[in-house]
Each structure stands twice: as structure tokens, then as C-alpha cells.
Amino acid sequence: MTLVPYPAAAKEIVAYKDYMLGDDRHIYTVEDDARLLLWLAGQTWGNCVEIGCNEGMFTRALAEWYPGKRVYAVDSAYVTLAAEQECERVKRLCHFAKHLTNVTVVDADSRSFHYPKGVGFVFIDGDHSLEGVRADSEKALAYAETHNPVLIAWHDYRPEVEWLGVPKYLDELAKTHDLVLVDGTSIVLKGWAW
Ligand SMILES: C[S@@+](CC[C@H](N)C(=O)[O-])C[C@H]1O[C@@H](n2cnc3c(N)ncnc32)[C@H](O)[C@@H]1O
């Protein structure tokens, strides 16, 4: 895994505007990670997929930043989750973004999600177990192989958190694929020429 610097231009972005914040909202993708992802999405062509959108906080930021892109927001209240991830079970699916005309909510287990044509950016933030992140990654990687160019971003590369499968899976994947970890974030990328 190669460490790359945080792009200066991404620091200028405000990810969550004031009207998006409130006591009843939960920010899962912290500001620094979110502004990086928003900047990256702007460097890609085509539409976006967010695997694991929860209440749609990041979905909303993405869809509002890029009204010309369609955002496919995938999540479901009826998926199997590791005990440690139960607290993230979605209660109001894509509540904060589902009204936007460029958002398509996909209420499904991501394992059964069919990637539509025209996707250039995939954000994987769903099932964080080893098997879960493997399933989501293999699907995205297979899509990217036949629909170049696709930028894949994973959230929660946090080796210090014992139960997370994300670092374990990505360390293994890095042996055969060019992956970069962006400094100061938990975001790993494939497909970005830094
Ligand atoms: C950390 S939250 C996502 C946060 C969101 N990306 C954001 O930035 O606001 C993880 C989400 O993944 C969803 N998830 C877990 N396993 C899933 C699966 N197999 N299919 C679809 N969604 C899944 C959970 O329901 C949960 O809402």
C-alpha cells in the first residue's frame, strides 16, 4: 500500500453545508474524507455508486456537488451485519438525499446490485466484515475491468480496529493491485493516477 499526499485542492471543499447538519443526522464519512471523495468524484467521468449510503448524508453532498451525475445509493435494512456494525443499521434509507432528482436509491443487499452502464466512481462503505468488503470489492473490480476508467474508493482502512475486514482485505489486494492510501484519511483508492 503506497501512501500519497492529500490533494491540496480537496481541502478547499466544504462537504457538509450548515443546512445538512443537525442533531438527528449522523456523519459517518468525516469531513476530511468526504471532501477528498467529493474532489475525486469531480475528477472522474460518468456516474457514481455509493455502496452503503445509510441515511444519505454523503449521498446528498455528492449529488448536490454534481447535479449532472447520477448517484446510485445502495443500502438495505435487511442485511446481515457483524455485531460491531449493528449500530449502523439503516433506519431511514437515504432519507436526506432520496428526494434529489439525480439520486437513485437501491434498496437491496449490495451482493445483488447490478452495476448500470456509465459508472466512473464507486465508493465502498457497506458491509465492513472481511467477507462483506470482499464481495463488494470483487463486484466493483470486475465492473472496472470491463468499463474503464473507474475509480474505486474504500472507506475505513483503519488497521487499528480489530474487527474491521477492510484493512485485512485491502492489504491482501495491494499485493496484486496498485492501491494508494491517502495521507490523513481512511480512504484507499484504485484507479487514481496520483
Ligand atoms: C458506515 S454506514 C454508511 C455511511 C454512508 N456511506 C455515509 O457516508 O453516510 C454503512 C452502511 O452499509 C450498509 N450495509 C451493510 N451491509 C450491506 C449490504 N450487504 N448491502 C447494502 N448495504 C449494506 C449498512 O446498512 C449501513 O447503512
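Predicted model: local features only at pLDDT ≥ 70, side-chain atom pairs only at ≥ 80, totals over all residues.

The chain contains four helices and eight strands, and from the N terminus on they follow the order β-α-β-α-β-β-β-α-β-α-β-β. With a radius of gyration of 15 Å, close to the 16 Å that the globule rule gives for 194 residues, the chain is as compact as a globular protein of that length. Its C-alpha atoms fill a box of roughly 40 × 40 × 35 Å along the principal axes, and 42% of the 194 residues count as buried.

Let me turn to helix α3. Residues 130-146 form this helix, and its 17 residues reach 25 Å from the first C-alpha to the last, close to the expected 24 Å. Which residues of α3 are buried? They are G132, V133, D136, S137, K139 and A140. These residues lie on the same side of α3, because they cover an arc of only 160° around the axis. In general, an α-helix has 3.6 residues a turn, so residues three or four places apart point the same way. The buried residues of α3 pack against β2, β5, β6 and α4, whereas A142, E145 and T146, on the other side of α3, are exposed.

Finally, the ligand. It is surrounded by 23 residues, the closest being T29, G52, N54, F58 and D127. Both α2 (57-65) and β3 (71-75) supply at least two residues of this shell. By class, the shell has eight nonpolar, seven polar and eight charged residues.

Key: Residues numbered from 1 in each chain as written. Expected span 1.5 Å × (residues − 1). Buried ≥ 20, exposed ≤ 12 C-beta atoms within 10 Å, placed from the backbone. Arc of directions from axis to C-beta. Contact = placed C-beta atoms within 7 Å. Near = placed C-beta within 6 Å. Nonpolar A, V, L, I, M, F, W, Y, C, P; charged D, E, K, R; others polar. Rg over C-alpha atoms; globule rule 2.2 N^0.38 Å.
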